[in-house]
Amino acid sequence: PMTDFLQVTTAVDNADDAQTIASAVVSQRLAACVQVIGPIQSTYWWDGDIQVSEEWLCLIKTRADLFDRLSAVIQQVHPYDVPELLATPVAAVSKAYGDWLSGEMRG
């Protein structure tokens, strides 16, 4: 079944900043879970040049109706000028995990 859950991704250049983001959104109940993966290697355009850098990826489990508030909190604590905030709809989720997600978010 379709859900109103999103997986939001953002990346930062160190593990401490990734944990700051994770703690901020989970403690405010805007996300049920954040998984931090890293280090990863990112290749992207910035300032007219191709950049290659080491980053840590945050996989944030949230609800669609919380995205604007979640986004605002991330932008407050994120060190980048233009943070990645990419939301992917969750097409399906197991009942038990969906119930847990729902129970851990507020708003």
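Mentor: In this predicted model, an open sheet of 4 strands has the order S2-S3-S1-S4, with antiparallel pairing.

Trainee: What makes S2 and S4 the edge strands?

Mentor: Strand S2 and strand S4, residues 86-89, each pair on one side only. Neighbouring strands of this sheet are turned by 30 degrees against each other on average, direction ignored.

Trainee: How do you know that helix H3 packs on the sheet?

Mentor: Helix H3, residues 95-104, touches S1, S2 and S3. Contact requires heavy atoms within 4.5 Å. The direction of H3 makes about 70 degrees with that of S1.

Trainee: Why are S1 and S3 called a pair?

Mentor: Two strands pair if there are at least two bridges between them. Strand S1 (residues 5-12) and strand S3 (residues 49-63) are joined by 8 bridges, so they meet that requirement. They run antiparallel, and Thr10 stands opposite Cys58 in S3.

Trainee: What makes S2 and S3 a pair?

Mentor: The requirement is again at least two bridges. Strand S2, residues 33-46, is joined to S3 by 12 bridges, and therefore the two strands pair. They too run antiparallel, with Tyr44 opposite Gln51 in S3.

Trainee: Which residue takes a positive phi in the hairpin of S2 and S3?

Mentor: That residue is Asp47, with a phi near 55 degrees; the hairpin has 2 residues between the strands.

Key
Residues numbered from 1 in each chain as written. Predicted model: local features only at pLDDT ≥ 70, side-chain atom pairs only at ≥ 80, totals over all residues. Heavy atoms only, no water. Axes fitted to C-alpha atoms, helices over the stretch in contact; angles between N-to-C directions.
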